[in-house]
Structures are given as structure tokens and as C-alpha cells.
Amino acid sequence: MMKNLWRKEVHNLTPYVPGKPIEDVKRELGLDEVIRLASNENPYGPSVKALSAMERSVRDSWLYPEPTSRELREALGQKYGLDAEQLIVANGADHIISLLGHAYINEGDEVIYCQPTFSSYEAVTLLMGGVPVEVTSNEDFTVNLKGILEAVTDKTKLIFICNPNNPTGTIVDDDELLTFLESLPSHVIAILDEAYVEYVDSPKYKTCIDFIKAGLPVIGVRTFSKFYGLAGARVGYAMANSKYIQSLQAVRQTFAVNRIALAGALASLEDEAFGAVVFEKNCSERQRLTDALIDLECEVVDSQSNFIFVNVKQDISKVFARLMERGLLIRPCTPWKLSTYGRITIGTNEENNKLIQALKEVL
């Protein structure tokens, strides 16, 4: 009876299933230690400067934060050569995606994305009464730009491109993406989700900033959750021409980001030395873990992120269960109907050693 009161669009939604909580695994299996390599968190945590800034900000937690996150927007603008009016800060990248839905998707509007990818694109489209249009990725799991372009109609409103893509870790070639963006009709906006941009080391990669400055119809989405180690603080942001940002500001809650999180994000941005260490360690461990998986006769997709997309060539659910018994959590890719694929977050050297040893036993 209660469901009769729901908006009709809510009936179409499937709740997001996050990685299994560490606390639940410890309790269920009686384990003292559980290593989660399932949620793409930064295993090194926030920088010391960010922790100190957040601790200091707690003293002012009785005060509402500055409503527009002006100081962080100005710092981001200075870093990327944009005006503060070209940026909006929200409660994580998920919140930005929600704002995009509220600002742009009308009932019947079509939203295109390439599968497998982040499930929030489908969810926000369905919630707003839009029509999800799914395009299958290329055989090498790169985003199928040609297929997306062929799927565009006069009803298309938004196109989501996760770059690097989650869960595959692949990127779009910069020249191909430029040609694609230049080919879009005037009624379509491309959303470039760059949650993992800081981990990319490929020379064939242009960011949303390049395209924004070129005047192309692009909104870039980024987060402090991954590279900056602030997943629990929830800070995300979008960059675009100010005309796009104005629409997002119109639907954003007044105090969307808490004071403590803002302090941590600002300090993280300033701590470039810590970022350099995280980048170097991730690149090194990503290659080492890739080599180890290949030695175990797994198929590994080339990753430009802080996770690896791997075909273990057997039931990933069973591999997940066996690893969990050993206190290691990875992400099965069964929600994308990929029964032998898993997504493994790149941990510390010690964590990866334990994972490699466990995989040798399990596989």
C-alpha cells in the first residue's frame, strides 16, 4: 500500500549495492583484519595537511559553511585556469550527477552512456523520467564513441562518458574525443566524469578543462574521494561554461558541503607533494599487480586508474567468496553481467602482497 504513494519513477530504480562493509565481514567471519580492495579508495588516506585542517575546522562546526564553497572554487579555478563562476562544489561526484539530472533531464529526454560504466547515470535518468540509452563498449572495453554518436536523436539531452571509465579503467583517445565532441548537435551536452583523472599517466589524454576552454559543450565532473583520500568527507565538483554552472547552482542545496570537508579538500589541493607520492606509488603498484595477474593467466585490461579490471576466467562470485574468507575484498563485476570479471582496487605494497598470495591459492 505504501508503495502506491511513491513517484512512478521510483518503482524503476534498483538501489545501488556498494562494496561489502569491512565491519560486516569481520563480524560474519570472525576476522581481525579485512583489506578492502573493492571501493577504489585511496589506501594512503588523506594527507597530513588535510587531516590537520579538518581537525581545526571542527572547532567551527557550529557555524554553517560559506554557502557557495567560494574559497575552494577560487583555489580550483586558479589551479586549472578557470573563473570561480565556472565551478560548482557539491557533496561528492554522485551529488553532481544528481544535480545534472535535476537541472537537465525532462520526462522523455534520452541520456546515452556506454556499458559497462558507473550505474548512477542510469539511476538519475530513470529518477527524472528520462530514457536511458545504453551503447555496448568496444571489444577492448574502451568507450564506443562511434556507437554513441549513432545513437543520438533529436530527443538526446545528455551523454555521460566516464574517462577513465569505471569499472574498466580505460580512457578515450584525446583526438577521437575531440572529434566526437565537435560532432555533437547543439541540443546535446557531454558529461565527462573524471573521478580518476589524477591517476592517468597516458600522453594521449586530454581533460575536460581542455575542451571547456575550447568552447565545446562539456561539463566535467571530479571528486576528492579517490586521489585525495576524502571518500568519507564527500566533496565533488563540476567545471563548465558558466551558463551550465548556473543551472546546477539553481538546484543545489544551499549548504551542500560541510565545513570540515571543505577544509580537508582545500588543504589536499595545496599539498602537491603528497599527491606526487600517491601518484608514483599507484603507478608502480598498478604495474606490479598487473604483472602478477598476468602470471596467474588472467586477462587484464590496461588501466589508467587506481583499480584493475581483470578476467579471472572462472566464476568471479566464487573467487570473491574465497578471497573474503582470507580477509580480502574485491568487487565482482556481476552487476554488469560480467560473470568472470572483477575490479580490484590497487592497495599498498603490503596489501597487494597479501592479495597476490591469496590469488595464487584461490586461482
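This is a predicted model: local features need pLDDT of at least 70, side-chain atom pairs count only at pLDDT 80 or more; totals for chains, interfaces and linings use all residues.
Strands of a sheet pair through backbone hydrogen bonds, either parallel or antiparallel. Seven strands of this model make an open sheet with mixed pairing, in the order 2-8-7-6-5-3-4. Strand 2 (87-90) and strand 4 (131-136) are its edge strands, and each of them pairs on one side only. On average, and with direction ignored, neighbouring strands in this sheet are turned by 20 degrees against each other.

Cys 114 stands opposite Val 135 in strand 4. Helix 7 (residues 174-183) packs on the sheet and touches strand 5 (156-162), strand 6 (189-193) and strand 7 (218-223). The direction of helix 7 makes about 170 degrees with that of strand 5.

A second open sheet has four strands in the order 9-10-13-12, with antiparallel pairing. Strand 9 (299-301) and strand 12 (331-332) each have a single partner strand, so one side of each is left without a neighbour in the sheet.

Strand 10 (residues 307-311) pairs with strand 13 (residues 341-345) in the antiparallel sense, over five bridges. Within this sheet, Val 310 stands opposite Gly 342 in strand 13.

Helix 11 (residues 272-295) lies across strand 9, strand 10 and strand 13, and runs at about 10 degrees to strand 10.

Helix 11 also meets helix 13 (residues 349-362): their axes come within 11 Å and cross at roughly 5 degrees. Because angles under 35 degrees count as roughly parallel, helix 11 is roughly parallel to helix 13. On the side of helix 11 the contact is made by Glu 285, Arg 288, Leu 289, Ala 292 and Leu 293. Helix 13 contributes Asn 349, Asn 352, Asn 353, Leu 355, Ile 356 and Leu 359. The residues of this contact divide into six nonpolar, three polar and two charged.

## The second largest pocket

The second largest pocket holds about 300 Å³ of space. It is lined by 17 residues, and the closest to its centre are Lys 79, Val 197, Glu 198, Phe 227 and Tyr 228. By type, the lining comprises nine nonpolar, three polar and five charged residues.

Helix 3 (70-80), helix 10 (259-270) and helix 11 each supply at least two residues of this lining. Helix 11 gives the most, with four residues.

Terms used
Residues are numbered from 1 along each chain as its sequence is written. Side-chain values use heavy atoms; hydrogens and water are left out. Two strands pair if DSSP finds at least two bridges between them. Contact means heavy atoms within 4.5 Å. Axes are lines fitted to C-alpha atoms, for helices over the stretch in contact, and angles run from 0 to 180 degrees between N-to-C directions. On a 1 Å grid over the protein atoms alone, a cavity is a set of points where a 1.4 Å probe fits but cannot get out, and a pocket is an open set with protein on both sides within 12 Å along at least five of seven lines; lining residues have an atom within 4 Å of a point. Grid points are joined across faces, edges and corners, and a volume is the space filled by probe spheres set on the points. Ala, Val, Leu, Ile, Met, Phe, Trp, Tyr, Cys and Pro count as nonpolar, Asp, Glu, Lys and Arg as charged, and the others, Gly among them, as polar. Angles under 35 degrees count as roughly parallel, over 145 as roughly antiparallel, 65 to 115 as roughly perpendicular and the rest as oblique.
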